[in-house]
Number of protein chains: 2
Amino acid sequence: MITADEPTRIDIALGERSYPIYIGAHLLARSTELLGDQVSRDLLIVTNTTVEPLYALSLKEACERSGRRVEVLALPDGEQYKTLATTQTIFDALVAGRFNRDAALVALGGGVVGDIVGFAAACYQRGIDFIQVPTTLLAQVDSSVGGKTGVNHPGGKNLIGAFHQPRAVIADTVTLATLPQREYRAGLAEVVKYGFIYDLSFLEWLEANAAHLCARDANSLVHAIHRSCEIKAEVVAQDERELGLRAILNFGHTFGHAIETAAGYGEWLHGEAVAAGMAAAIDMSRRLGNITQGDAERSLRLMKKLELPTAPPRIGAQRALELMGMDKKVLKGQLRLVLLQRLGAALITADYPREILNQTLAERFG
Amino acid sequence: MITADEPTRIDIALGERSYPIYIGAHLLARSTELLGDQVSRDLLIVTNTTVEPLYALSLKEACERSGRRVEVLALPDGEQYKTLATTQTIFDALVAGRFNRDAALVALGGGVVGDIVGFAAACYQRGIDFIQVPTTLLAQVDSSVGGKTGVNHPGGKNLIGAFHQPRAVIADTVTLATLPQREYRAGLAEVVKYGFIYDLSFLEWLEANAAHLCARDANSLVHAIHRSCEIKAEVVAQDERELGLRAILNFGHTFGHAIETAAGYGEWLHGEAVAAGMAAAIDMSRRLGNITQGDAERSLRLMKKLELPTAPPRIGAQRALELMGMDKKVLKGQLRLVLLQRLGAALITADYPREILNQTLAERFG
């Protein structure tokens, strides 16, 4: 059992794009030591106005101790600002500060900050380094790892983006103490996802430790983050650019994107939409006979123990289908879905009776 | 000797990102045959309002003959529209047309269209295919080949972009017939660049055939385009992401970017600025003793035979230096320059007496 007192390291194996993930308490102050000499001496920390007063100064001072030049830019907080226009403000700050090709961006914040900053790093001067310093549970277990970056378009989430791997991820679990309860729970949705799609024993561990996790017990939290990142690292190392396997990480996301888009960005948190989306995907997996009624009930029971929403808004089956149709996971006109093969294993398929999808949508969204 | 009657093919060797360049007359009508089955059946042709009435319909009809769905989007014409905002209009058209991950963009036009469209392709759904159909000399010999894409920022040219290789380049020499004289000459700047930096015998061929080229003689043109693309292909295959050698292709560009930025985008054509920039780089190479006074005069003589500008605007040495300083080619605070080692060979160096750079700037820009 890993404890909060022992910082731990996981490596994402991607050849010359490999990088470490550090997980532990009080790591912000140790950033310079963790980054070593590999990263540029010119850093622009990009955060949001919520996180800035909490952690920007201590991270800045930690990085400056190694003689680096460090500037800070705070973006407005919220998914509704995950746009090309916000990315432009990062470019403006880089140009105004005369940051060159050898500079690095540091994303300090949640998934929104990480996605925008990673995309800005991918595009500035055709690609500069960036470091992920995730401060939300969702970002620590999911969005900071794997190199998917991007911004939203009114027509769909993450429609504009790039694959651009960070040089390092520093997940300081102490930053989770200030996370609002709703955002914390939304992060647990991605944690339980790894159990559903990849690891039945992790799912069992989550069932046994749900109460501890809800109480933010430090050791349970470190274990949950560590195992989540391990699974993500294994999947990403096998399929960096999502040509196949990696799509299993989108379990619940195709249904979830429809929820987020219908509600307007920011109304449903990403993790909440994924939770309700997973409930729909579990329901469809049961209808297909991949899992039993008992498995489905057990899955929903675990999500409820983790205080996750399982019912999507009643936007109607037809509207849900339309919004899923614009999702990136549409291949050659077929709607490809990530479903459960069994508890602890996912499959990606466009080969299912259309009627089963329609029944699922009618039941959950109708 | 290659002639205009024989379409020719050059391959850019980049592993799984390899692609062919087709050069010849009347190739637009043969697009479907050239693209074969490799490229998506859903195409969005992006062009500008100048090129659209000339060539968009024939390209569209050629592609539709293979049963493809083809839509056309015309952007406003000009370097001043090479912005993130214009890129957004391409994303809007892709979303409105429900183009998915398996769609492809087709860039029909000059360097500006190619750069924007390539960048849009790099970012849409984190990367879709694109085809270059260059209709200017500059785009055919330079910007359509090699995968550099991007848009301008008020702080500098191409500051926002990506490396994203096209799936194919189709250079139809017939489209050059409608090219305004000034743009045609600007393209010759990049042609003569290849002679300066890489191939003395090509330089000699250009000296012997300058009059034919100025008269747009078909066979001379095909030879010049073919040899230019061959040289670019060799350089790019050795250094796709410009970690070293590839920077020689920027000969004249660092000085030239200062000219373009000072004059405001669109006032000096890119090729014109590169020509005046090469004249400055040649002057500096002579001051360093790399080439003789005779070599320098011979070089300027050739540029004048090709009707290229060699004198930059008198923006002042200090202003020129500042504008060169924001250029991407600044490495670790040192201003790295591409200079001639001798006629027909370039070197990349940050190791020169600062005084020589100052003298050059004072002489040319002061």
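Predicted model: local features only at pLDDT ≥ 70, side-chain atom pairs only at ≥ 80, totals over all residues.
Which residue forms a salt bridge with B:Arg69, and how far apart are the closest N and O atoms?

1. Residues are numbered from 1 along each chain as its sequence is written, chains are lettered from A and ligands numbered from 1 in the order in which they are written, and side-chain values use heavy atoms, with hydrogens and water left out.

2. A:Glu272 is found in helix 10 of chain A, residues 270-287, where helices (H or I, at least four residues) and strands (E, at least two) are DSSP runs numbered from the N terminus. A:Glu272 is buried at a relative accessible area of 8%, a term that means under 20%, with exposed meaning over 50% and partly exposed in between (1.4 Å probe, protein chains only). Leaving aside neighbours within four places in sequence, A:Glu272 is in contact with A:Arg182, A:Ala186 and A:Pro309, contact being heavy atoms within 4.5 Å.

3. A:Arg182 forms a salt bridge with A:Glu272, and the closest N and O atoms of the two are 2.6 Å apart; a salt bridge is a side-chain nitrogen of Lys or Arg within 4 Å of a carboxyl oxygen of Asp or Glu. Because A:Arg182 lies in helix 6 (residues 181-198) of chain A and A:Glu272 in helix 10 of chain A, the pair ties together parts that are 90 residues apart in sequence. A:Arg182 is partly exposed, with a relative accessible area of 38%, whereas A:Glu272 counts as buried.

4. In chain B, B:Arg69 forms a salt bridge with B:Asp42, the closest N and O atoms being 3.6 Å apart. This pair links distant parts of the chain, since B:Arg69 is in strand 4 (residues 69-75) of chain B and B:Asp42 in strand 3 (residues 42-48) of chain B, 27 residues apart. B:Arg69 counts as partly exposed at 27% relative accessibility, while B:Asp42 is buried, with a relative accessible area of 13%.

5. A further salt bridge, at 3.2 Å from N to O, brings together the side chains of A:Arg287 and A:Asp283. Both residues lie in helix 10 of chain A, 4 residues apart, which is about one turn of the helix. A:Arg287 counts as partly exposed at 24% relative accessibility, and A:Asp283 is buried at 8%. Elsewhere in chain A, the residues A:Arg41, A:Asp42, A:Arg69 and A:Glu71 are linked in a network of salt bridges, and a search of the whole structure finds 49 salt bridges over all chains.

6. Helix 6 of chain A and helix 10 of chain A pack at an angle of about 35°, with their axes 7 Å apart; axes are lines fitted to C-alpha atoms, for helices over the stretch in contact, and angles run from 0 to 180 degrees between N-to-C directions. Among the residues that meet are A:Arg182 and A:Ala186 in helix 6 of chain A and A:Glu272 and A:Val274 in helix 10 of chain A.
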